[in-house]
Amino acid sequence: MENLGYLFAAFTVVWVVLFGYILSLLRRQRQLQRDLDSLKERSSARQGKG
Amino acid sequence: MRSNILLGLSFLLMVAALYLVFIYVPTEKEMGIVQRIFYLMVPMGWLALLAFLIVFIGSILYLVKRESRWDILAHSSAEVGIVFTTLTLIVGSIWAKPVWGVWWTWEPRLTSTLVLWLIYVAYLMVRSLAADESQGARFAAVVGIIGFIDIPIVVLATTLWRGMHPGPIIFQGGLAPSMLLTLLVSIAAFTTLYFCLLGRRIGLREAEAEIRKMSQD
């Protein structure tokens, strides 16, 4: 079981980085959805006035 | 729907790969338990190369056809490729310490991989520093094509120069069948994950483009 710490570290780094990247993609997706919703709201408000 | 199937397949393959790596495959005699990093290291390296091959193809098609979908593909693959190249460098360093006694050495395979990482970081920087989006896409496509020159150097580094990194044992039949099976399942698991991430990233770029178009109208 020598060097078990290195094996643990390698797998931990891979999963932490991949999960971090997936979370960043999800956060960006949520932000874009918010932007899209506000744009649609503004556009429908403008059409209502017109 | 299709992306959910791919995500489910990726999860199942990942569970299978973890079972094979930690329970099924025997411990290698020379390096001991730390050799299991091999089943992480090879898929990470393979995906770095695959991702940048897709950048290369997407960049050529963008310059030839000037269709934004090819730029979106290349840009998305470059970002995911940088994640996997970063992991290749970190995991390689963690493996090098117990085996070679150092975290890093200026050995041909390691050095060419670091150069590869720097080239594609430059690819993303060129894009963000350009005056407008289409100029950024054009400049980035040129970097994506020229940068691909480093890929054969990375692949052939262990055969062209004598470094500390072992040669291409996988294709020379140097792996026991159980080790080869574990490696192939691990490669399949991470490759499906790569395509999941690529699909998500492309979706984000398309949404960004749609929002930009809507706000200009």
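**View 1. Asp150(B), a buried residue in helix α6 of chain B.** In this predicted model, Asp150(B) has a relative accessible area of 6% and is therefore classed as buried. Helix α6 of chain B covers residues 150-160, and Asp150(B) belongs to that helix. Apart from neighbours within four places in sequence, the contacts of Asp150(B) are Ser112(B), Val115(B), Leu116(B) and Ile119(B). Trp117(B) is 33 residues away along the chain, with 10.0 Å between its C-alpha atom and that of Asp150(B).

**View 2. The largest nonpolar core, with residues from chain A and chain B.** This core has 49 residues. The members that touch the most other members are Val14(A), Leu18(A), Ile37(B), Phe84(B), Phe190(B), Tyr194(B) and Leu197(B). At least two core residues come from each of α1 (4-49) of chain A and α1 (2-24), α2 (38-65), α3 (68-100) and α7 (177-216) of chain B. The most, 13 residues, are supplied by α7(B).

**View 3. Surroundings of Phe190(B).** Residues up to four places away in sequence are not counted here. In chain A, Phe190(B) touches Val14(A), Trp15(A) and Leu18(A). In chain B, Phe190(B) touches Met14(B), Leu40(B), Pro43(B), Met44(B), Leu47(B) and Phe84(B).

**View 4. The interface between chain A and chain B.** Contacts join 26 residues of chain A to 34 residues of chain B. About 2700 Å² is buried between the two chains, and carbon and sulfur atoms give 85% of this area. On the chain A side, Tyr6(A), Phe11(A) and Tyr21(A) lose the most area to chain B, together 23% of what that side buries. One salt bridge is counted between chain A and chain B. That bridge pairs Arg28(A) with Glu79(B), and its closest N and O atoms are 3.0 Å apart. Three residue pairs are in polar contact across the interface. The side of chain A that touches chain B consists of 19 nonpolar, two polar and five charged residues.

**View 5. Asp71(B) and its salt bridge to Arg127(B).** Asp71(B), in helix α3 of chain B, touches Tyr62(B), Arg127(B), Ala137(B) and Arg205(B), leaving out residues up to four places away in sequence. The N to O distance in the salt bridge with Arg127(B) is 2.8 Å.

**View 6. A salt-bridge network in chain B.** The linked residues are Asp71(B), Arg127(B), Glu133(B), Arg205(B), Glu208(B) and Arg212(B). Glu133(B) pairs with Arg212(B), the closest N and O atoms lying 2.6 Å apart. This pair connects helix α5 (residues 133-146) with helix α7 of chain B across 79 residues. Glu133(B) is partly exposed at 46% relative accessible area, as is Arg212(B) at 33%. Glu208(B) and Arg205(B) form a salt bridge at 3.9 Å, N to O. Both lie in helix α7 of chain B, three residues apart, about one turn of the helix. Glu208(B) is partly exposed, with 22% relative accessibility, whereas Arg205(B) is buried, with 5%. Over all chains the count is eight salt bridges.

Notes: Residues are numbered from 1 along each chain as its sequence is written. Chains are lettered from A and ligands numbered from 1 in the order in which they are written. This is a predicted model: local features need pLDDT of at least 70, side-chain atom pairs count only at pLDDT 80 or more; totals for chains, interfaces and linings use all residues. Side-chain values use heavy atoms; hydrogens and water are left out. A nonpolar core is a set of buried Ala, Val, Leu, Ile, Met, Phe, Trp, Tyr and Cys residues joined through side-chain atoms within 4.5 Å. Buried means under 20% relative accessible area, exposed over 50%, partly exposed in between (1.4 Å probe, protein chains only). Helices (H or I, at least four residues) and strands (E, at least two) are DSSP runs, numbered from the N terminus. Contact means heavy atoms within 4.5 Å. Buried area is the accessible area (1.4 Å probe) that two parts lose on being put together, summed over both. A salt bridge is a side-chain nitrogen of Lys or Arg within 4 Å of a carboxyl oxygen of Asp or Glu. A polar contact is a pair of N or O atoms within 3.5 Å; within protein, one must be able to donate a hydrogen and the other to accept it, and residues adjacent in sequence count only if both atoms are side-chain atoms. Ala, Val, Leu, Ile, Met, Phe, Trp, Tyr, Cys and Pro count as nonpolar, Asp, Glu, Lys and Arg as charged, and the others, Gly among them, as polar.
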